[in-house]
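Subject: Handing over a structure, with notes

Hello,

Here is the structure I promised to pass on to you. Please open it first, and then read my notes below.

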Amino acid sequence: MARPPRFDLAQLLDAAVRLAAASGPAGVTMSAVAKEVGAPSGSVYHRFAGRTVLLAEVWLRTVEHFQEGWFAALEGETDPRRAGSAAARHVVAWSRAHPQEAALLLYGARDFGRAEWPGEQADRADRGHRRVRDAVAGLATALGATDTAARERVSLAVIDLPLSLVRRHLRAGEALPGHAEDLAEECTAALLT
């Protein structure tokens with residue numbers, strides 16, 4: 001019987017998140033992850049075919065975790081304005097609860113080598129992107145936003161605005177202010193009226 005692995009996938013990806021939060025994607029190397037968890041490099045290579053796959057997996061796990069709550073917030077309200085406000089509030093609340101992951105998401109998938117991701121990871125990323133795009137389009141339709149400018153306003157309200165609030169504080173190395181969720185929600189509600 002094979003002995004269970006000493007370092008599981010979650011431990012390795014958690015270490016990669018810490019490294020990315022501290023040093024950006026460049027800080028996420030196979031040897032750095034191994035050192036972070038006190039594992040031999042072989043443990044990391046056993047789980048990931050190479051650095052490209054490691055970068056893809058740390059990005060995807062983080063963005064999928066974020067999106068899980070974002071979709072729940074958006075789909076948890078029947079009124080489209082309240083749904084949009086709840087989604088914006090989630091962006092800030094999740095970032096507050098997960099500061100290292102939020103710091104990682106300040107980068108884009110491109111910074112994590114998106115162009116070189118293998119098919120499986122590229123397909124996951126594409127599915128997630130389509131799901132977000134479709135959710136925003138559905139919200140826009142529910143709000144009666146039919147022209148390009150109105151649809152852009154919806155995207156600004158539920159994605160760009162709350163992300164900019166988070167980004168400004170995280171890039172400055174500051175904690176999010178206590179009123180940030182309320183501010184994101186209020187601004188989104190104003191844009192969606």
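Leaving out residues up to four places away in sequence, which residues does alanine 157 touch? They are Ala88, Pro162, Thr188, Leu191 and Leu192, where a contact means heavy atoms within 4.5 Å. Before more detail, a word on the source: this is a predicted model, in which local features need pLDDT of at least 70 and side-chain atom pairs count only at pLDDT 80 or more, while totals for chains, interfaces and linings use all residues. Residues are numbered from 1 along each chain as its sequence is written, and side-chain values use heavy atoms, with hydrogens and water left out.

The overall picture

The protein chain has nine helices and zero strands. Helices (H or I, at least four residues) and strands (E, at least two) are DSSP runs, numbered from the N terminus. In sequence order the pattern reads α-α-α-α-α-α-α-α-α. The C-alpha trace spans about 60 × 35 × 30 Å along its principal axes. Of the 193 residues in the chain, 44% are buried; here buried means under 20% relative accessible area, exposed means over 50%, and partly exposed is in between (1.4 Å probe, protein chains only). If you take the contacts between residues at least 6 apart in sequence, 68% of them join residues at least 24 apart.

The start of the chain

UniProt, in an unreviewed entry, places the feature "domain: HTH tetR-type" at residues 6–66. UniProt positions are given in the numbering used here, feature names are shortened, and annotations may be inferred rather than shown by experiment. In the model, residues 6–66 are 75% helix and 0% strand, and their end C-alpha atoms lie 27 Å apart. For residues 29–48 the span is likewise 75% helix and 0% strand, with end C-alpha atoms 11 Å apart.

Helix α1 covers residues 9–23, which is 15 residues. From its first C-alpha to its last it reaches 21 Å, close to the 21 Å expected at 1.5 Å a residue; the expected span is 1.5 Å times one less than the number of residues. Its buried residues are Leu12, Leu13, Ala15, Ala16, Val17, Leu19 and Ala20, and these pack against α2 (30–37), α3 (41–47), α4 and α6. In the segment before α1 you will find aspartate 8, which is partly exposed at a relative accessible area of 36%. Aspartate 8 and arginine 47 are 39 residues apart in sequence, and their C-alpha atoms are 8.4 Å apart in space.

The largest pocket

How is empty space found? Rolling a probe the size of a water molecule over the atoms shows where it is left. A pocket is found on a 1 Å grid over the protein atoms alone: it is an open set of points where a 1.4 Å probe fits, with protein on both sides within 12 Å along at least five of seven lines, and lining residues have an atom within 4 Å of a point.

The largest pocket has a volume of about 840 Å³, a volume being the space filled by probe spheres set on the points, which are joined across faces, edges and corners. Its lining has 31 residues, and Trp59, Val63, Gln67, His129 and Val132 lie nearest the centre. At least two lining residues come from each of α4 (51–75), α5 (80–97), α6 (99–105), α7 (119–142) and α8 (148–171). Helix α7 gives the largest share, nine residues. By type, the lining divides into 20 nonpolar, five polar and six charged residues (nonpolar: Ala, Val, Leu, Ile, Met, Phe, Trp, Tyr, Cys and Pro; charged: Asp, Glu, Lys and Arg; polar: the others, Gly among them).

A few residues to look at

Alanine 157 lies in helix α8 and counts as buried because its relative accessibility is 0%.

Serine 95 belongs to helix α5 and is buried at 5% relative accessibility. Beyond its neighbours within four places in sequence, serine 95 is in contact with His90, Ala102, Val166 and Leu176.
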